[in-house]
Amino acid sequence: MNSKIAEDQSVTEKKNKEVKSVNTITVRFAGDSGDGMQLTGDQFTDTTAMMGNDFATLPDYPAEIRAPIGTLPGVSSFQIQFSDSIIFTPGDAADVLVAMNPAALKVNIPNVKKDGLIIVNESVFTEQNLRKASWQNNPLLDDTLKDFNVLKVKLSELTKNALKDHPLKLTEVERCKNFFALGIMFWLYSRTFDYTIDWIQRKFAKRPEIVNANIAAVKAGYNFADITEIFPSQYCVKQTRLEPGIYRKIMGNQATAIGFIAAARKAQKTLFYGTYPITPASTVLHELAKHKNYDVKTFQAEDEIAAMGATIGAAFAGEIALTGTSGPGLCLKSEALNLAVMAELPVVVVNVQRSGPSTGMPTKTEQADLLQAMYGRNGESPLVVLAPKTPSDCFQMAFEAVRIAVKFMVPVIFLSDGYIGNGSEPWKLPDVDQLPEIKVNHPLQPNADDQYQPYKRDPQTLARPWARPGTPGLEHRIGGLAKADLTGNVSYDPENNQKMINLRAEKVERVAQDIPELEVFGPEKGKVLVIGWGGTFGAIYQAVNQMQAEGKSVARAHLNYINPFPRNLGEVLKRYETVLIPELNMGQLLNLIRFKFPKVNSEGLHKVQGQPFKVYEIQEKIEAFL
Amino acid sequence: MSSTFKDLDLSYTKDDFTSNQEVRWCPGCGDYAILATVQRTLAKNAIPRENYVFISGIGCSSRFPYYMNTYGFHTIHGRAPTIATGLRCVNPDLSIWVITGDGDGLSIGGNHLVHCMRRNMNLNILLVNNQIYGLTKGQYSPTSRHGQITNSSPMGAIDYPINALCIAIASEATFIARTLDGDPKHMSMVLQRAMDHKGVSFVEIYQNCIIFNDKAFQPVTGRDSRDDRMIYLEDGKPLVFGKHKDKAIRLNRLKPEVVDLQDAGDGESLLIHHEDHPDPSYPYLLTQMTYPEMPVPFGIFRAIQRPTYDEMLNDQVVKSKAAKGEGDLKKLIYGTSTWTVK
């Protein structure tokens with residue numbers, strides 16, 4: 001190999017290699033945290049999106065920003081599944097693993113299919129690097145990888161050669177090798193490199209030498225794959241027959257932020273987001289902070305508690321007020337969140353769940369904050385809990401969270417998770433003009449003779465009026481002490497306290513009248529219903545749909561709303577012999593359902609490994625009940 | 001509303017700021033004087049009543065908002081500055097007052113107080129300091145004397161106390177003052193100045209808890225001692241005190257010391273008070289004048305100007321709109337690259 005290939009790519013002689021058509025492919029990029037694997041994966045995803053495939057991604061990275069180079073804890077991976085049909089998971093195991101170093105190989109062997117392809121950067125399989133990755137022997141030289149097709153490529157050298165005429169420092173050249181690898185993958189799966197080249201030109205516009213080198217690396221990788229005999233064939237994945245419409249690639253946290261902005265716009269309100277940085281929720285803040293021209297104000301508070309407090313203050317002022325965090329942050333917010341429950345102010349709390357307890361595994365996903373969201377406050381403190389199911393669904397559910405909060409004057413917890421927050425998929429864009437208006441009514445006149453009563457409720461929704469400070473004649477006081485009905489004055493009256501607690505609970509229950517009924521996909525009754533919530537949607541969807549296609553009697557349903565449940569939930573559940581509830585926790589929704597519907601035969605499938613469900617794991621469990 | 005006309009002409013009396021709630025502090029509590037002085041001070045201003053918001057945390061003094069006929073929010077322990085911050089960020093027109101105490105503001109909510117001040121959030125913070133936990137029935141507070149006997153320190157508090165004004169200075173508060181419940185005239189002057197100040201105003205109010213820490217400030221502010229043990233700060237003037245106005249303060253290197261005016265000659269050596277002293281070590285030095293070694297200063301320690309957080313926050317929205325145009329929802333949703341499926 002030499003750099004000629006990069007330079008002469010326009011005159012490359014095309015050998016007509018075979019192009020095999022495949023339905024679905026899973027690719028996993030893995031390297032050191034400094035190797036740019038997330039970026040490489042993103043670029044592969046962007047191109048795949050533009051080429052019209054459905055896809056789902058799983059960024060899987062360590063909490064350490066730069067763990068010691070070449071070590072096992074420092075491995076950062078990115079998995080994408082793309083297909084010619086509709087898919088919702090990043091794939092159980094990879095068809096192709098690109099391993100940039102011995103550590104990436106070691107960590108990811110379990111993630112590759114038997115007979116799958118492993119492309120390794122042979123250049124860095126030195127004794128020293130092998131030792132860092134705790135390899136006793138060089139796995140490229142023994143039978144460690146006998147179950148796989150291994151392709152040894154001297155990525156580092158090839159990149160160096162390709163860029164030898166570029167005026168870059170050696171370390172900068174070294175950093176281009178991920179683009180070389182990306183070029184190989186583009187060729188292997190018949191993807192164009194044009195989108196990535198556009199991106200490189202935009203991204204590094206101020207440094208033309210970097211632009212040139214990166215582009216050369218991508219093309220060199222592409223041509224290397226094309227010309228050499230290492231790949232007998234190329235693969236293509238036909239365009240997915242997605243619903244007609246305009247699409248973009250979207251990440252869950254990004255969709256969450258955009259959904260909130262859309263809701264604030266439709267409520268003709270400004271948006272306030274008070275938060276404290278925490279993985280994996282911080283990207284919601286980053287996204288919102290970019291959009292100040294949408295009347296967005298972001299406030300990076302001194303701690304989680306202050307973030308919650310400021311959000312309550314903004315809600316008191318009459319604006320759309322949100323805060324975001326992850327599990328440990330929700331613990332800190334709970335006292336203040338309870339104030340919002342008592343004061344009946346509309347706040348939305350985003351919890352992008354991560355693996356716990358305590359600090360847990362910050363970059364890994366889990367769904368174990370459901371009971372915390374439901375009950376993690378002192379006293380009787382019901383609020384609304386809802387959960388998006390996919391990255392793009394975050395938009396819809398963020399919008400819903402705001403709509404419900406202001407309509408019912410109630411705090412709403414939005415339970416996302418690291419898997420959908422960081423994952424991406426194609427998003428069929430909504431018609432902006434069709435987004436519903438969110439009606440907000442701030443009283444301007446007293447509501448009881450010449451008096452304003454802050455707790456005189458709407459008879460339908462039981463929402464209290466939302467008078468804004470600054471409105472003449474409606475001066476009133478609210479607070480965390482027990483309130484008298486209607487006036488909101490401090491009250492220790494026993495009967496009144498019972499009444500107010502009942503009213504707040506009843507208000508949350510009435511939200512059920514305002515949300516869609518649960519929909520079942522599959523047989524209307526029978527052996528097994530699989531029901532999930534949040535980010536497990538994709539794995540359940542794929543598992544059940546495949547089994548249905550095989551003629552098995554299994555249905556699925558998904559809960560976007562957990563408190564209150566959809567009004568027909570009980571009626572649906574009792575039509576099945578077994579209700580299977582897969583969750584990335586030890587059975588939290590299962591507990592809620594068993595408590596509320598004790599006669600239903602509900603069973604759980606639990607996993608707390610920081611990783612999403614694999615499709616086969618769910619299928620195996622379903623089989624047990626058929 | 002019967003008061004509509006009155007609201008329009010914006011002339012108020014104390015009664016206009018008095019709510020219909022029965023005040024439930026102990027008889028003789030210093031909070032009564034603070035409440036009345038706040039109400040009287042607000043009545044002197046032509047600010048519509050509906051534009052005032054009082055936000056408090058937990059503690060005796062934090063019941064304050066219930067007694068004010070304004071907007072009010074009695075929140076949770078230590079968090080009042082955070083709620084006020086959120087309110088201020090989205091509403092630039094209100095006059096927002098935070099009522100806190102030595103436990104609420106300096107112990108459980110210490111973090112928020114510090115950050116609220118460093119941001120120069122445009123709020124008026126009144127820290128009612130009685131050097132004791134009252135509402136929880138008599139435990140020592142972060143400002144209690146070292147060795148103070150309380151219900152939770154029967155052998156004497158072994159905590160060293162914190163000086164509220166030092167915290168304010170370290171946090172770079174732009175307006176810092178101290179006043180006392182026993183001098184409504186001085187308190188009213190300080191409150192008015194706090195209100196007029198753009199940016200964060202931090203006012204410590206010495207307040208007597210008649211039940212759990214009676215006469216805590218008596219040695220300084222008592223009728224017999226106050227002339228010799230209190231200094232009322234006046235901008236541009238020497239720190240003169242004493243029954244016969246015959247004593248002043250001068251600096252001996254970094255240490256303030258008392259001098260007889262008679263011995264001070266032409267007064268050139270005397271310390272002259274400057275509220276707008278750019279160096280925070282000057283007001284800090286004043287905070288170190290404590291009983292019993294030194295007379296204790298009251299008044300405005302610091303008043304400087306600096307852009308407020310809320311101002312800059314709003315400014316960024318304006319600038320962003322100027323640079324990118326008013327946000328277009330469709331553009332946001334579509335992002336930078338889309339594809340069409342037919």
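Student: Which residues lie nearest the centre of the second largest pocket?
Tutor: This is a predicted model, where local features need pLDDT of at least 70 and side-chain atom pairs count only at pLDDT 80 or more, while totals for chains, interfaces and linings use all residues. Residues are numbered from 1 along each chain as its sequence is written, chains are lettered from A and ligands numbered from 1 in the order in which they are written, and side-chain values use heavy atoms, leaving out hydrogens and water. A pocket here is an open set of points on a 1 Å grid over the protein atoms alone where a 1.4 Å probe fits, with protein on both sides within 12 Å along at least five of seven lines, and lining residues have an atom within 4 Å of a point. The second largest pocket has 37 of them, and those nearest its centre are Phe88(A), Lys389(A), Thr390(A), Ser392(A) and Asp393(A).

Student: Which element gives the largest share of that lining?
Tutor: Elements are DSSP runs numbered from the N terminus: helices are H or I with at least four residues, strands E with at least two. In chain A, α15 (393-408), β16 (424-428) and β20 (554-559) are the ones that give two or more residues to the lining of the second largest pocket. Seven residues, the largest share, come from α15(A).

Student: How many residues in the lining of the second largest pocket are charged?
Tutor: Asp, Glu, Lys and Arg count as charged; Ala, Val, Leu, Ile, Met, Phe, Trp, Tyr, Cys and Pro as nonpolar; and the others, Gly among them, as polar. Sorted that way, the lining has 21 nonpolar and five polar residues, and the charged ones number eleven.

Student: Moving on to the helices, is α5(A) roughly parallel or roughly perpendicular to α7(A)?
Tutor: Helices α5 (155-162) and α7 (177-188) of chain A have axes 9 Å apart and pack at about 100 degrees. Axes are lines fitted to C-alpha atoms, for helices over the stretch in contact, and angles run from 0 to 180 degrees between N-to-C directions. Under 35 degrees is roughly parallel, over 145 roughly antiparallel, 65 to 115 roughly perpendicular and the rest oblique. So α5(A) against α7(A) is roughly perpendicular.

Student: Which residues of α7(A) do Leu155(A), Ser156(A), Leu158(A) and Thr159(A) meet?
Tutor: Contact means heavy atoms within 4.5 Å. On that basis, the four named residues of α5(A) meet Lys177(A), Phe180(A), Ala181(A) and Ile184(A).

Student: And which residues of α8(A) make the contact with α7(A)?
Tutor: Here α7(A) packs against α8 (194-203) of chain A at about 155 degrees, with axes 11 Å apart. That angle makes the two helices roughly antiparallel. From α7(A) come Phe179(A), Leu182(A) and Phe186(A), and from α8(A) come Thr196(A), Trp199(A) and Ile200(A).

Student: What are the edge strands of the six-stranded open sheet?
Tutor: Two strands pair if DSSP finds at least two bridges between them. The order is β3-β4-β2-β5-β6-β7 in chain A, with mixed pairing. Pairing on one side only are β3 (54-60) and β7 (149-153).

Student: Which residue of β5(A) stands opposite Ala30(A)?
Tutor: β2 (24-32) and β5 (94-99) of chain A pair in the parallel sense over four bridges. Opposite Ala30(A) stands Ala99(A).

Student: At what angle does α7(A) run to β6(A)?
Tutor: α7(A) lies across β2, β5, β6 (112-121) and β7 of chain A. Its angle to β6(A) is about 140 degrees.

Student: What does the twist average in the three-stranded open sheet?
Tutor: That sheet has the order β16(A)-β9(A)-β11(B), with antiparallel pairing. Its edge strands are β16 of chain A and β11 (339-341) of chain B. From one strand to the next, the twist averages 40 degrees.

Student: Which residue is the bridge partner of Tyr247(A) in β16(A)?
Tutor: β9 (245-251) of chain A and β16(A) run antiparallel, joined by five bridges. Across from Tyr247(A), the bridge partner is Lys428(A).

Student: Which residue in the turn between β8(B) and β9(B) has a positive phi?
Tutor: Strands β8 (247-252) and β9 (255-260) of chain B pair in the antiparallel sense over six bridges. They form a hairpin with two residues between them, and the one with phi of about 55 degrees is Arg253(B).

Student: Where does Pro280(A) lie?
Tutor: Thr279(A) and Pro280(A) are joined by a cis peptide bond, with omega about 0 degrees. Pro280(A) sits in the loop between β10 (271-275) and α11 (282-289) of chain A.
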